[in-house]
Amino acid sequence: MVPNKITKTKSNSLINRARMLVSCPDQPGIVATVSRFLFDYGANIIQSDQYTMEPSEGGLFFIRIEFDLENLDARRQQLKADFAKIAEQFSMEWSITRASRKKRLAIFVSKEDHCLLELLWHWQSGDLDADIAMVISNHNEMRELVEALGIPYHHIPVTADTKAEAERRQLELVGDNVDAIILARYMQIISPKFIEHFPNRIINIHHSFLPAFVGGKPYAQAHNRGVKIIGATAHYVTEELDGGPIIEQDVQRVSHRDHVDDLKRIGRHIERTVLAKAVNWHVEDRVIVHQNKTVVFN
């Protein structure tokens, strides 16, 4: 079978575009200094978004800037070396990345396909400007679907006795070959040892009933309680189960007329759209993590 091809891409038109993310203690002159630096380099600022925390919350300043710079590839290392002096002056945490460099993703999935299908659809249409390097699953149900698109599929079964070995094989596969891991309804708990290899680079999706409806059959529990709102949360994975920095959430009202199957259907729709947004914002460098919160420039 001939793999489906992406019909459009953003990267070719972004060859000279860079993205700068900065967080630092708030003080006068940050925007002026950074803007002047880019002006002196001959860069053209395309987009700039900023946010300042209240002093009682830490008084930090965050900014995301997209800019165009001729011959970016040849000049980027010197640009970063020169900007490091400004970063030191303002005690900045910062990054400068090429917009044209597609991030490589590994998608982990179990048996439910709705989140995986949404990501694949965005990828095929070019709306998710990333490379899907591989799909890893503890089941084989998705193999034909994934391999038909020319994406490597790796089946690694997981049991309580084989979990450590399974994670070793997963780490061996992803290695330094991916920029982020997406848990697209991957129904296994990721160990702290695995997480430490990808800080703020593993994105998970879960229904927003947690922690109110933990354990099995959360939609049945919700239906029995007569909930009026259901939703989903996409977040970075930390050692605290489902407690990492939140990237995106959404909800939808439901009523007594909705049965358990209705709640599941509505919940799947929310999960797939919330996860797709979170992944897209991550690959476009729109997220800055501070402690257990995120600043999302969407």
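Which residues in α7 meet α8, and which in α8 do they meet? In this predicted model, Tyr219, Ala220 and His223 are the residues of α7 that take part, and their partners in α8 are Val260, Leu263, Lys264, Gly267, Arg268 and Glu271.

## Helices α7 and α8

Two packed helices are described by the angle between their axes and the distance between the axes. Helix α7, which covers residues 218-225, packs with α8 at an angle of about 120 degrees, and their axes are 9 Å apart. Since an angle over 145 degrees would be needed for roughly antiparallel and 65 to 115 for roughly perpendicular, α7 and α8 are therefore oblique to each other.

The crossing of these two helices, α7 and α8, is right-handed. By residue class, the contact of α7 with α8 divides into four nonpolar, two polar and three charged residues.

## Helices α3 and α8

Helix α8 also packs with helix α3 (residues 114-125), in this case at an angle of about 45 degrees and with the axes 9 Å apart. The pair α3 and α8 is therefore oblique, and its crossing is right-handed.

On the α3 side the contact is made by His114, Cys115, Leu117, Glu118, Leu119 and His122, while α8 contributes Arg268, Glu271, Arg272, Thr273, Leu275, Ala276 and Val279. The residues of this contact of α3 with α8 comprise six nonpolar, three polar and four charged.

## Helices α1 and α2

Helix α1 (residues 30-41) and helix α2 (residues 72-89) have axes that come within 11 Å and cross at roughly 150 degrees, which makes α1 roughly antiparallel to α2. In passing α2, α1 makes a right-handed crossing.

From α1, the residues Thr33, Val34, Phe37 and Tyr41 meet Arg75, Gln78, Leu79, Asp82, Phe83 and Ile86 in α2. The contact of α1 with α2 is made up of six nonpolar, two polar and two charged residues.

## The second largest pocket

Rolling a probe the size of a water molecule over the atoms shows where empty space is left. The second largest pocket holds about 520 Å³ of space, and its lining consists of 20 residues, with Leu21, Ser95, Asn200, His282 and Val287 lying nearest its centre. The elements that give two or more residues to this lining are β1 (17-25), β4 (93-98), α8 (260-283) and β12 (287-290).

With four residues, β4 gives the most to the lining of the second largest pocket. Sorted by class, the lining residues of this pocket are nine nonpolar, five polar and six charged.

Conventions. Residues are numbered from 1 along each chain as its sequence is written. This is a predicted model: local features need pLDDT of at least 70, side-chain atom pairs count only at pLDDT 80 or more; totals for chains, interfaces and linings use all residues. Side-chain values use heavy atoms; hydrogens and water are left out. On a 1 Å grid over the protein atoms alone, a cavity is a set of points where a 1.4 Å probe fits but cannot get out, and a pocket is an open set with protein on both sides within 12 Å along at least five of seven lines; lining residues have an atom within 4 Å of a point. Grid points are joined across faces, edges and corners, and a volume is the space filled by probe spheres set on the points. Ala, Val, Leu, Ile, Met, Phe, Trp, Tyr, Cys and Pro count as nonpolar, Asp, Glu, Lys and Arg as charged, and the others, Gly among them, as polar. Axes are lines fitted to C-alpha atoms, for helices over the stretch in contact, and angles run from 0 to 180 degrees between N-to-C directions. Angles under 35 degrees count as roughly parallel, over 145 as roughly antiparallel, 65 to 115 as roughly perpendicular and the rest as oblique. A crossing is left-handed if the near helix is turned anticlockwise from the far one by less than a right angle, and right-handed if clockwise. Contact means heavy atoms within 4.5 Å.
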